[in-house]
Every structure is written in structure tokens, then in C-alpha cells.
Amino acid sequence: MPDWLQAGVWGLVAGGALVLGAAIAWLVKVHVRAIATIMAFGAGVLISALSFELIDEAARSGGLLPAAIGFLGGACIYVAANVALARHGARHRKRSQDQQPGEGDSPGSGAAIAIGALLDGVPESVVLGLSLLHGGEIGLAVVAAVFISNVPEGLSSAAGMKRAGRSAWYVFGVWGGIALVSGVSALVGYLTLQSASPATIAVITAIAAGAILAMVADTMIPEAFERAHMFTGLITTIGFLSAFAIERLAE
């Protein structure tokens, strides 16, 4: 299979985890503490992957200063976009309970939630495409991290959408569309950056890593802590260790 197609397929697989999580939430009533537990675990997995697979590699190939600038820049871009979307009703898009507004409560919130979910997913997909550049291989730890974290993201958010009165067409349209965009993002990232220098790729990887960390802190950990409380730190640590072990065993 050509690398460009691999990039698209892996992006689609990672994005498909959101649809899987949404389907579970729609068909099965999952206890809120179970959602929080999975969310905390997924947060730890993502933090581990961006620490050892993304920002570390960006610093090695592009230098510490470019990686640091890119990392902070990615976080700033994400936070700015997240603040703008929060003002239009997308603040609690990852919440599983009654925090999400319905369209009657906040007109335009449906579109804002969809855009917010897209904002959360695209950086992860771009990273998957970048990892295949210059003869590289897809990082098992990154794929596992994105997939594992996407399941509770889709599950929690879809549960909140259902409680807010969103239709099945809306819920699965959002997550199915994001899964497709994830595949396209990974493919486009690979095709458009084939001739880019290692330093450029390093900076873009660092930007994506910064955005992912900001997303984890802003959307995943608050939902996990609200329901799992004092166990959140332990569960997140277990997720971090699991991803670290996968990365080491894959070497």
C-alpha cells in the first residue's frame, strides 16, 4: 500500500474511534463514572504519546527552540479557537451530562459543537500523516493513543448531545464527518509536506502536539475529574504508563 494511502487509512481508523464511541453512547446507557474513567485513561495515553513520540522527536529533528515555539503556538491557536467556539455554545462539547445546550437554548450551538469537535480531531490526524514522511513508519504508540482517546471523546460528547435533544442524524453526521475529515487531513498532510524540510515538519509536529495537550487539559481532564474525582490522577497515570510501555515494546 502506498504511503499516502496508508496515511489516509490510519487517519480514518483513528477518526472512526469517535464514531465507535458515539455508537456506544447512543445504544447503551454507560455510567458517567465509567465514561470518566475511560476519559482519564485516554488523557494519560495522549500525554504520553505527545511527550515521547511528538515533542521529543520535534526537538531532536528541528531543535529545541523551534519545537518550543511550535508547541506554545499550537496551544495558543487551540485556546483562542476554543474560546471563540465556547462563546457560541461549544464550551461543554465533551461533557456527557446536561451541560451541553440544545439548539433552542443556544441557537447555533450545534454548528459550534461540530466545529469544536473538528478542532479537537484534526491535529491528531495531521500527526499521523506526518509520521510517514521521508520513509518513516506509523508510530504504534501514536495510533493507539489517538484511537484510545477518541473512543471516550466520542462516547462522552455523544451522550451529552443525546441528553441535549440532538438527533441521531446530527450525532452520527458530526462524528462520521469528522472521521472522514481525519482521514483526509492525514492524507493531505502527507501529500503537501513531502518536500518540506525536517525542521518544518518538526515545527508542524510541535504545533499539533501543543494543540493536543491544550485540548486534553481544556476538555478531557475536566470531564474526567468531575466524575472520577480523586482517582483521576491514578487512572491518568496508568494510561500514561500503558502508552509508554507500548512505545518501548514497539522499538
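1. Ile-246 lies in helix H8, where helices (H or I, at least four residues) and strands (E, at least two) are DSSP runs numbered from the N terminus. With a relative accessible area of 29%, Ile-246 is partly exposed; buried means under 20% relative accessible area, exposed over 50%, and partly exposed in between, with a 1.4 Å probe and protein chains only. Its C-alpha atom is separated by 9.6 Å from that of Val-142, although Ile-246 and Val-142 are 104 residues apart along the chain.

2. A word on the basis of these values: this is a predicted model, in which local features need pLDDT of at least 70 and side-chain atom pairs count only at pLDDT 80 or more, while totals for chains, interfaces and linings use all residues. Residues are numbered from 1 along each chain as its sequence is written, and side-chain values use heavy atoms, with hydrogens and water left out.

3. As for the overall make-up, the secondary structure comes to eight helices and zero strands, and reading along the sequence gives the pattern α-α-α-α-α-α-α-α. Of the 251 residues of the protein, 48% count as buried. Contact here means heavy atoms within 4.5 Å, and among contacts between residues at least 6 apart in sequence, 85% join residues at least 24 apart.

4. Two packed helices are described by the angle between their axes and the distance between the axes. In this model the axes of helix H2 (residues 32-62) and helix H8 (residues 232-249) come within 7 Å and cross at roughly 45°; axes are lines fitted to C-alpha atoms, for helices over the stretch in contact, and angles run from 0 to 180 degrees between N-to-C directions. That angle makes H2 oblique to H8, since angles under 35 degrees count as roughly parallel, over 145 as roughly antiparallel, 65 to 115 as roughly perpendicular and the rest as oblique. The crossing of H2 with H8 is right-handed, the term used if the near helix is turned clockwise from the far one by less than a right angle, with anticlockwise giving left-handed.

5. The residues behind this H2 and H8 contact can be listed from both sides. H2 contributes Thr-37, Ala-40, Phe-41, Ala-43, Gly-44, Val-45, Ile-47, Ser-48, Ser-51, Phe-52 and Glu-53, and H8 contributes Thr-232, Ile-235, Thr-236, Ile-238, Gly-239, Phe-240, Ser-242, Ala-243, Phe-244 and Glu-247. By class, the contact of H2 with H8 has eleven nonpolar, eight polar and two charged residues, where Ala, Val, Leu, Ile, Met, Phe, Trp, Tyr, Cys and Pro count as nonpolar, Asp, Glu, Lys and Arg as charged, and the others, Gly among them, as polar.

6. Helix H1 (residues 3-27) has 25 residues and reaches 36 Å from its first C-alpha to its last, close to the 36 Å expected at 1.5 Å a residue; the expected span of a helix is 1.5 Å times one less than its number of residues. For the 25 residues of H6, the span should likewise be 36 Å, and the end C-alpha atoms are 35 Å apart, which agrees. The buried residues of H1 include Ala-7, Gly-8, Gly-11, Ala-14 and Gly-15, and those of H6 include Tyr-170, Val-174, Trp-175, Ile-178 and Tyr-190.

7. The axes of H1 and H6 come within 7 Å and cross at roughly 160°, and the two helices are therefore roughly antiparallel to each other. H1 passes H6 in a right-handed crossing, and the contact of H1 with H6 has, by class, 19 nonpolar, seven polar and one charged residues.

8. Two residues of H6 deserve a look. Ser-185 is found in helix H6 (residues 168-192) and counts as buried at 14% relative accessibility; leaving out residues up to four places away in sequence, Ser-185 touches Val-122, Ser-125 and Val-126. Leu-191, also placed in helix H6, counts as partly exposed at 41% relative accessibility, and the C-alpha atoms of Leu-191 and Leu-5, 186 residues apart along the chain, are separated by 9.9 Å.

9. Leu-130, in helix H4 (residues 109-130), counts as buried at 7% relative accessibility and, neighbours within four places in sequence aside, is in contact with Gly-189, Leu-193, Ile-201, Ile-204 and Thr-205. Thr-219, in helix H7 (residues 198-228), counts as buried at 4% relative accessibility, and its C-alpha atom is separated by 9.8 Å from that of Met-39, with 180 residues as their separation along the chain.
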